Amino acid sequence: MSVLVNTVVMLGMLVIVPVGLRLAGAVELDRLRGLWPLFAVPGSIALWLPRGALATALAACYALGTVLLALHAARRFRHGRDRDPAGIALLTALVTPAVAALALVAERSGHELFGFDLGILALTVPHFHFAGFAAALVSGLVCRVSDGPAGRFAARSVPLGTLLVLVGYFIGDWAELAGALVLTAGMWTVGLLTWRLGRAEDRDRTTRILLLGSAAVLVATMVLAMSWALGEATGLPRPSLTWMAATHGVGNALGFALCSLLAWHRIRIDTPTRQTAPTHTEGRTA
């Protein structure tokens, strides 16, 4: 399972985050995006080394990059920017890689952070790259182009659900189940709106396939997430961690996150003026 998880995490570090930063539409992030390989490559190497000082130091390099993202999000919020639902989703996306990096540094050093065993910390890293960064970013993108009640619900519930799942780690399984319910509702709404975008007549075939495929994958992967959380809270049978990594994890990484961001990248290229035109709300996600 470690090989599978490490490969998925590398995808998040090297592809998902930099592509997502390009889609964020914030010119202030361009320099950091250009420097991102300096953080992500050492972090990726750290995944494959034995636990110890070298792996910890390389993981800390990645953590530095994620802290810069989080600080950027804090500055935007402090200056009164991105306070609408889509903006909050963007800020959430910028903060969540730091949670993943903290877990990575602890796991690579062999330290059971907050009492969590090393296996759980290792799985926290991909979770906050995909269920954190990618999911929040896509919910914000969807909200920008579907600015109705459903879009706003998605942009609010995905960050809220992610936060509740994180809090549930510390409070207990029932709190984590509540977070999974909120996150699933938000993700299914993202899937519904993505499906509608994919069905639009002006979409080219490749973009349509990417959008429809990512929407369909969300249905299955979030059912798995709910079955896991429900089993943890109630003691009912649930999938094993290995099964979850191979299905829920890979599905979210490839079927949802990668396909979604590739689709939005194509949409951004097709509509450059809408994406780059300066407005009083500079830095919005779309």
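Visitor: Is F39 buried or exposed?
Guide: Happy to start there; keep in mind that this is a predicted model, where local features need pLDDT of at least 70, side-chain atom pairs count only at pLDDT 80 or more, and totals for chains, interfaces and linings use all residues. Residues are numbered from 1 along each chain as its sequence is written, and side-chain values use heavy atoms, with hydrogens and water left out. Buried means under 20% relative accessible area, exposed over 50%, and partly exposed in between (1.4 Å probe, protein chains only). F39 has a relative accessible area of 10%, so it is buried.

Visitor: And which class does W36 fall into, at 1% relative accessibility?
Guide: W36 lies in helix α2 (residues 30–48) along with F39, three residues apart, about one turn of the helix; helices (H or I, at least four residues) are DSSP runs, numbered from the N terminus. Because its relative accessibility is 1%, W36 counts as buried.

Visitor: How many aromatic pairs are there?
Guide: Rings of Phe, Tyr and Trp (its six-membered ring) pair if their centres lie within 6.5 Å; planes under 30 degrees apart count as stacked, over 60 as edge-to-face and the rest as tilted. By this rule, the count is five.

Visitor: What kind of pair do W36 and F39 form?
Guide: Their ring centres are 6.0 Å apart. With 65° between the planes, the W36 and F39 pair is edge-to-face.

Note on methods:
Helix = DSSP H or I, 4+ residues; strand = E, 2+ residues; numbered from the N terminus.
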